[in-house]
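Here is a short briefing to read alongside the structure.

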Amino acid sequence: MMVGFPLLMYYLWGCLQFYRGKLVSPFDNQFWNQVFKSAFPTWYATKMYVLFCLFELFLAYFMPGPIVKGAPVSSLKGRRLDYLCNGVTSWYATLATSFILHYYGWFRLTEIIDNFGPLMSVAIISGIVITLVIYVTTIMQGNQYRMSGHLMYDLFMGAALNPRLGHVDLKMFAEIRIPWVLLFYISVSAAVKEYELFGYVSASMSFMVLAHFLYVNACAKGEECIPTTWDMTYEKFGFMLIFWNFAGVPFTYCFATIYLHNISIDNRQPLQHSQSWTYFCYALLLLGYYIWDTANSQKNRFRMINNGSYIPRHTFPQLPWGTLKNPTYIKTKSGNLLLTSGWWGIARKIHYTADLMMAFSWAFITGFSTVITYFYPVFFILVLTHRVTRDMQRCAKKYGKDWEEYCRRVPYIFIPGIY
Ligand code: NDP
């Protein structure tokens with residue numbers, strides 16, 4: 001996977017970039033020559049990427065925000081770490097800064113889409129270098145945790161559980177501040193380019209900007225719910241999370257945007273769908289977003305209210321049914337509560353279903369002329385299936401009979417009445 005992921009990224013991007021999304025033979029030398037030339041890392045792309053990451057790190061360090069306690073960490077003998085949740089202020093500061101940079105011509109946002117290939121290479125190299133640096137530093141400090149003893153597996157899963165730079169939790173930083181923000185700016189960049197070329201932004205490209213805005217905004221506005229998630233308390237910071245967040249997410253989840261951008265240049269006009277198809281895509285996105293946002297916030301707020309870490313926030317948008325009144329639950333022997341009402345009484349992983357609805361809407365907006373824009377939803381099904389399997393095993397082990405009772409009360413996993 002560590003070799004295959006980067007190669008797959010180059011291959012899919014090459015097909016999009018040079019063959020209108022048609023899958024060509026991966027054994028064609030000419031194809032790889034084209035990819036090599038167009039995606040060769042440049043100093044300019046390196047400066048862009050590194051300055052962006054450092055700027056986000058600076059914001060994560062200095063911007064104001066509430067401090068939230070994480071869940072007890074077993075490797076720290078049950079100690080709860082503090083997380084400075086300044087995602088919203090950092091996000092708005094990023095938006096304002098990019099607007100100023102673009103408006104005054106100091107950094108035109110179209111540079112991102114114009115330098116996509118080199119930027120992707122810089123991101124891939126950064127993902128690999130950061131993985132190695134974090135791994136070696138962790139071993140040197142003796143902070144490794146839950147190691148398997150197999151070097152490749154440990155590099156992939158990571159050695160450190162909660163590496164920090166000062167008070168900034170690097171894992172949470174990498175999951176929230178880099179991938180989604182970059183993804184959003186790739187779409188904004190393509191939209192600005194479309195406006196410059198054609199004098200308007202199409203409904204399809206506006207869709208991508210909205211879709212990526214909703215995702216990054218949700219991560220920022222609900223950041224205080226993240227410290228207690230299993231990514232923070234259980235997953236380690238290895239290639240899987242580092243590479244995927246620094247390179248994989250931004251540079252593959254954007255394939256729909258890249259396709260729309262390339263097609264508009266080839267056809268000398270943006271892709272147009274029928275009105276009904278466009279409305280369908282928007283409706284699927286917004287419905288998926290609503291379920292996803294409220295399901296995540298119902299569970300996280302329920303947990304936070306019960307463990308005393310809840311802080312009411314007025315970040316935009318606060319949706320109806322985001323907090324449950326008088327929820328029902330199972331009190332487990334371990335002391336944790338399992339929610340059985342709201343979305344969590346309907347299906348055990350309905351937020352995954354909702355996330356997939358959004359993922360498919362991102363692909364549907366590109367039509368059906370290429371399979372590459374379906375990479376994200378298909379890949380995401382695999383990711384989520386893998387996560388569900390691991391999570392269910394973990395919960396069954398952790399909660400025993402209580403988990404069986406929960407599964408009896410909420411029998412469906414993804415779609416109520418079906419599966
Ligand atoms: P969940 O939010 O489903 O968290 C699972 C954990 O929640 C369980 O281990 C358990 O932890 C707790 N839990 C399970 N059921 C209940 C319940 N009924 N009541 C209370 N607590 C419960 O998983 P993720 O962290 O994987 O996902 C969070 C969000 O992130 C999802 O919406 C997902 O779609 C999204 N995501 C997106 C990705 C992307 O690439 N776009 C990748 C991964 C996730 P405990 O031990 O505390 O009880």
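The shell around the ligand is made up of 15 nonpolar, eight charged and three polar residues. This is a predicted model, so please read every value below as computed from predicted coordinates. The ligand's shell takes residues from both domain 1 (1–270) and domain 2 (273–419), and therefore the ligand lies between the two.

**The shell around the ligand**
- In total, 26 residues surround the ligand, and Y352, D355, D391, K398 and Y399 are the closest of them.
- Four elements each contribute at least two shell residues: the helices α14 (275–307), α15 (350–364) and α16 (375–399), and the strand β6 (337–339).
- Which element gives the most to this shell? That is α16, with eight residues.

**Polar contacts and cover**
- Y352 has a polar side-chain atom 2.5 Å from an oxygen atom of the ligand.
- For K349, a side-chain N or O atom is 2.7 Å from a ligand oxygen.
- Y253 also takes part, with 3.1 Å between an N or O atom of its side chain and an oxygen atom of the ligand.
- On its own the ligand has 920 Å² of accessible area, and the protein covers 89% of that.

- At the interface, 43 residues of domain 1 are in contact with 37 residues of domain 2.
- Between them, the two domains bury about 3,800 Å², and carbon and sulfur atoms account for 69% of this area.
- On the domain 1 side, look for F207, K221 and W230: they supply 20% of the area that domain 1 buries against domain 2, more than any other three residues.

**Two backbone details to look up**
- R20 is not a glycine, yet its phi is positive, near 50°.
- You will find R20 in the loop that links α1 (4–19) and α2 (29–38).

Notes
Residues numbered from 1 in each chain as written. Predicted model: local features only at pLDDT ≥ 70, side-chain atom pairs only at ≥ 80, totals over all residues. Heavy atoms only, no water. Near = heavy atom within 4 Å. Polar contact = N/O pair within 3.5 Å; in protein donor to acceptor, adjacent residues only side chain to side chain. Areas by Shrake-Rupley, 256 points an atom, 1.4 Å probe, with all protein chains shown as cover. Nonpolar A, V, L, I, M, F, W, Y, C, P; charged D, E, K, R; others polar. Domains from an automatic or database assignment. Contact = heavy atoms within 4.5 Å. Buried area = accessible area lost by both parts, 1.4 Å probe.
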